[in-house]
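Here is a short tour for someone new to reading protein structures. Keep the picture open and look up each residue as you go.

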Amino acid sequence: MSKEAQQRMEKIVSLCKRRGFIFQSSEIYGGLNGFWDYGPMGVELKRNLKDFWWRRVVHEREDMVGMDGAIIMNRAVWKASGHEETFSDPMVDCKTCKARHRADQLPKKDGVPYCPACGGRDLTEPRAFNLMLKSYAGPLESDENLVYLRPETAQAMFVQFKNILETSRKKLPFGIAQIGKAFRNEINPRNYTFRSREFEQMEIEYFCRAEDGLALTDYWLEERLKFYEDIGIPRSKIKIHDIPDGERAFYSKKTYDLEYEFPFGVSELEGVAYRTDYDLSAHIKHSGKPLEYFDDEKKEKFVPHVVEPSAGVDRTALALICEAFDEEEVTDEKGNKEVRTILRFHPRMAPVKCGIFPLLKNKPVLVEKAKAIAASLRPHMMVFYDEAGAIGRRYRRQDEIGTPFCVTIDFDTIGENGPEKADTVTLRHRDSMEQERIPISELRARLEAAIF
Ligand code: ATP
C-alpha cells in the first residue's frame, strides 16, 4: 500500500471510531482479532444497505423469494457440500517466529517466499487448515454433537429448495435470497473489516434450466453492477474479473469476481458464480431425498442449475465508506481556511437523512418548532436533532457522518420577519453546501424523494 493510501485508510478508520461507525469488538479487553462491532452510525449504514438489497432483489421482483436459515445446521450438510473435506486454505508456519500464513499470499524476495512477520525463510510445507468454526450442540463435547457455524449462507437455500418450491409455487427460473451471518476462522484477519472471522453475507441462489445458466450469469453480473451504482459505487470503480478456466471451482462453468478499488488494493466485493447442478445434486446424493424440479407443461423432471451472486455486507459497507470519504478545503464566514471532512454517501445509504437545528438553543420558540419538525419526520426517516454549538459546527458534524441534508429553524420560520417567510426553513445540501428556503409543508416529500 502506498503511503498516501495508508494515510487515507488510517483517516477512515479513525473517523469510523470517532463518529460511531465501527469499533473493535471487546475493545476494553484488548479486542479480539477478526471481530468488529458496528456503532450507532454503522448499524444504520448496514441496515440501509441490507434493506435496499432486499428491496431490489426480493420485493421488486416477481421471481424471487426470501428465507432466513439457522446459523447452525446438521453436520451432514457440510459433509455433502464438501466444506468439511475441502473448505480450507493451504497454510505454512514460520519455524523462526511461529507465525502462520496463507501459502498463496506469501511475499517473495528473488522468487523465494519469506515470512512477512519476521522475514525468515524457514517455512513448513503447506498444510490444509479448515476454516469452519466449531462448536457443540448438546450437553457433551463429543464427535456426535460437533457442529459448525456456517461459513456461508448458501447451503440453507439448497437444503430448503424443495420446501420453498412447494410453498411458494414458483416456476423456473426463480431465486431464493438470504442475508445472514457467516463465520470463517480466517488465519490472517486484516484490512480492517475486509477480512473478518464473523461477517454478514447477502446471497442469491437463482435456479434455472441448464441451457440458461451461462446467459443468466451475465444477466446477474449486470444486475449487480446496477445495484452498486444505485448505492453510490460507480461502475468505473468496480473491476470485473472473469475467472479463467483452471482457476474456478471445478463445478463452476463461469465465475465473475466484482472487485472494488479499496485504498489497500483492488479486492473482492462479490462473486457471481454459475455453479451448475453441483449443489442440489450433492444434496440429493447425500440425503437420498428428491430435490428435482418437475416441469408440468413439458412433463420433465430434472435437477435445476444455479447462478449464485454472493456479496458481503461488511465489505460493501466498507466500500461505501471508502468511496464516500472526502476532504476539501473550505473558507468559513470569517475568511479562515479549514479542512472539511465529508462522507459523501448516496442519500439512500446515509445513516442520518436530515439534521435538524434551531438557530439558537436559548430561544424556546425556535427549539419547540425544531423539535416539532424532528418529531414529524421521525416516523419516516432517521433524523438527528442538534442544538449545541454554532450552526457551522453543527453542519460539520453532520458532514462527517454523511448526512445529506440539514434544516435550520430561524426567526423567519416563526414569522418574525413577515408572514410570507413564516413556516419556511433553510435546507442545506451536504455536497454543494448550498442553502435554499423551502416551506415546511414540502420538506418531507423533498427528503423522501432523495432517499428512496
Ligand atoms: P476471499 O477470496 O476474499 O477469501 P471468497 O472468494 O472466499 O473471498 P466467497 O466464499 O465467494 O468469498 O464469499 C462471498 C462473499 O462473502 C465475498 O465476496 C465477500 O464479500 C464475503 N466474505 C467472504 N469472506 C469474508 C470475510 N472473511 N470477511 C468479510 N467478508 C467476507
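Arg-195 has a polar side-chain atom 2.7 Å from an oxygen atom of the ligand. Keep in mind that this is a predicted model. Two further side chains, those of Gln-201 and Arg-315, also place an N or O atom by a ligand oxygen, and the table lists the distances.

| Side chain | Distance from its N or O atom to a ligand oxygen atom |
|---|---|
| Arg-195 | 2.7 Å |
| Gln-201 | 3.2 Å |
| Arg-315 | 3.1 Å |

Around the ligand there are 14 residues, and the nearest of them are Glu-186, Arg-195, Ser-196, Glu-268 and Leu-269.

Now turn to a pair of helices. Helix H1 covers residues 3–18 and helix H9 residues 313–324; their axes come within 11 Å and cross at roughly 110 degrees. An angle of 65 to 115 degrees counts as roughly perpendicular, so H1 is roughly perpendicular to H9. The crossing is right-handed. On the H1 side, Arg-8, Met-9, Ile-12 and Cys-16 make the contact, and H9 brings Leu-318, Ile-321 and Cys-322. Six of these residues are nonpolar, one is charged and none is polar.

Finally, have a look at the backbone in two loops. Most residues other than glycine have a negative phi, and most peptide bonds are trans. Asp-110, in the loop between strands E6 (108–109) and E7 (112–113), is not a glycine, yet has a positive phi of about 50 degrees. The peptide bond from Leu-172 to Pro-173 is cis, with omega near -10 degrees. You will find Pro-173 in the loop that runs between helix H6 (161–168) and strand E11 (174–183).

Note on methods
Residues are numbered from 1 along each chain as its sequence is written. This is a predicted model: local features need pLDDT of at least 70, side-chain atom pairs count only at pLDDT 80 or more; totals for chains, interfaces and linings use all residues. Side-chain values use heavy atoms; hydrogens and water are left out. Axes are lines fitted to C-alpha atoms, for helices over the stretch in contact, and angles run from 0 to 180 degrees between N-to-C directions. Helices (H or I, at least four residues) and strands (E, at least two) are DSSP runs, numbered from the N terminus. Angles under 35 degrees count as roughly parallel, over 145 as roughly antiparallel, 65 to 115 as roughly perpendicular and the rest as oblique. A crossing is left-handed if the near helix is turned anticlockwise from the far one by less than a right angle, and right-handed if clockwise. Contact means heavy atoms within 4.5 Å. Ala, Val, Leu, Ile, Met, Phe, Trp, Tyr, Cys and Pro count as nonpolar, Asp, Glu, Lys and Arg as charged, and the others, Gly among them, as polar. A residue is near a molecule or strand if one of its heavy atoms lies within 4 Å of it. A polar contact is a pair of N or O atoms within 3.5 Å; within protein, one must be able to donate a hydrogen and the other to accept it, and residues adjacent in sequence count only if both atoms are side-chain atoms.
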